[in-house]
Amino acid sequence: MAEIRVMRDDLRPPDPPARRHLISIGDLDRDDVERLLATARSFARSLEREMKKLPTLRGRTVVNVFYESSTRTSSSFELAAKRLSADTMSIKAAGSSVDKGESLKDTALTLAAYDPDVIVLRHPQIGAPQLVARVTEAHIVNAGDGKHQHPTQALLDLYTIQEEFGRVEGLHVAIVGDVLHSRVARSNIQALLLLGARVTLVAPPPLLPRGIEELGCETSTDIRTIQGADVVYVLRMQQERMQEGASYVPSLREYTARWGVTPERLRPGQKVMHPGPMNRGVEIDPVVADSA
Ligand code: ASP
């Protein structure tokens, strides 16, 4: 009779899937993005029902930790986790032990004791999400780290564009304003290119990061370039991230005069987007901000 030999490895259960994070759009491929957009679409449909709650994250714990001011991102994450039935906890740096000098690592270790499944983190320092990923077992979602990345903003923007135009591929998107300090711009450039859009950055020369074209986008310093785009994506002047004492534009008034997005600089049929918060009358004319 033939001898049956069972190898030890055959008895071992398959390894659980590797813990995945959402830290940078650079970690995703086109399939990942398309799958996320399709999932978002099915969740959006569920919001049309009277009973909006889904059981998807029942029994899971989501901790939102925000070290920087935020309205849209923090409330969106909190409501989304609640709508998916997760247990949620939200911590803002102001009023927490961070005020008492606690380091990010120690805060993360304290939170790890609650065994969270997901930690959503916004932090002014580039690389903060990787640090929290190293010292906890949670899946980390980057809700903005310094001027580096804001991947969920980019995914949301792709979703919006796809809902409006029915596609992203082949569209021309102009991103206008303070690209240098914008994590939204970095994530959006990568995400739009991944889905086959053409991207042109329009800004005063000091606000265009050197070598950014290597990502595969075009650049222009002439605001008239935006006329050729299907989508005009407007960025705020992010004064809080500017180097102290550095002057990027002669004045905000001059910036508005030369690069502000006004009705005269747009053509009918274009879609204007802004991640918020808007500074009306600076990067965007109030008439444009309030238009359909
Ligand atoms: N809300 C976006 C961010 O967190 C854009 C901005 O602040 O201008 O980066």
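This note goes through the cavities, the nonpolar cores and the aromatic pairing of the structure above.

1. Basis. The model is predicted, so that local features need pLDDT of at least 70 and side-chain atom pairs count only at pLDDT 80 or more, whereas totals for chains, interfaces and linings use all residues. Residues are numbered from 1 along each chain as its sequence is written, and side-chain values use heavy atoms, with hydrogens and water left out.

2. Largest cavity. A search of the whole structure finds two cavities of 30 Å³ or more, a cavity being a set of points, on a 1 Å grid over the protein atoms alone, where a 1.4 Å probe fits but cannot get out. The largest has a volume of about 40 Å³, a volume being the space filled by probe spheres set on the points. V65, L104, T107, A108, L111, I119, L121 and V132 line this cavity, lining residues being those with an atom within 4 Å of a point. Helix α4 (104-112) and strand β3 (118-123) each supply at least two of the lining residues, and α4 gives the most, with four; helices (H or I, at least four residues) and strands (E, at least two) are DSSP runs. By class, the lining has seven nonpolar residues, one polar and no charged.

3. Second largest cavity. The second largest cavity, with a volume of about 30 Å³, is lined by N64, F66, S74, E78, S90 and K92. Two or more residues of this lining come from each of β1 (61-66), α3 (72-83) and β2 (87-92). One nonpolar, three polar and two charged residues make up the lining.

4. Nonpolar cores. The largest nonpolar core has 61 residues, and those with the most contacts inside it are L158, I175, L192, L201, I226 and V261; such a core is a set of buried Ala, Val, Leu, Ile, Met, Phe, Trp, Tyr and Cys residues joined through side-chain atoms within 4.5 Å. Apart from it lies another core, of 14 residues, among them V63, V65, Y67 and A128.

5. Aromatic pair. The count comes to one aromatic pair, where rings of Phe, Tyr and Trp (its six-membered ring) pair if their centres lie within 6.5 Å. The rings of Y255 and W259 have their centres 6.0 Å apart and their planes at 25 degrees, so the pair is stacked, a term for planes under 30 degrees apart. Both residues lie in helix α8 (residues 252-259), four residues apart, about one turn of the helix. Y255 counts as buried at 1% relative accessibility, and W259 is buried too, with a relative accessible area of 6%, buried meaning under 20% relative accessible area (1.4 Å probe, protein chains only).

How values were computed. On a 1 Å grid over the protein atoms alone, a cavity is a set of points where a 1.4 Å probe fits but cannot get out, and a pocket is an open set with protein on both sides within 12 Å along at least five of seven lines; lining residues have an atom within 4 Å of a point. Ala, Val, Leu, Ile, Met, Phe, Trp, Tyr, Cys and Pro count as nonpolar, Asp, Glu, Lys and Arg as charged, and the others, Gly among them, as polar. Buried means under 20% relative accessible area, exposed over 50%, partly exposed in between (1.4 Å probe, protein chains only). Rings of Phe, Tyr and Trp (its six-membered ring) pair if their centres lie within 6.5 Å; planes under 30 degrees apart count as stacked, over 60 as edge-to-face and the rest as tilted.
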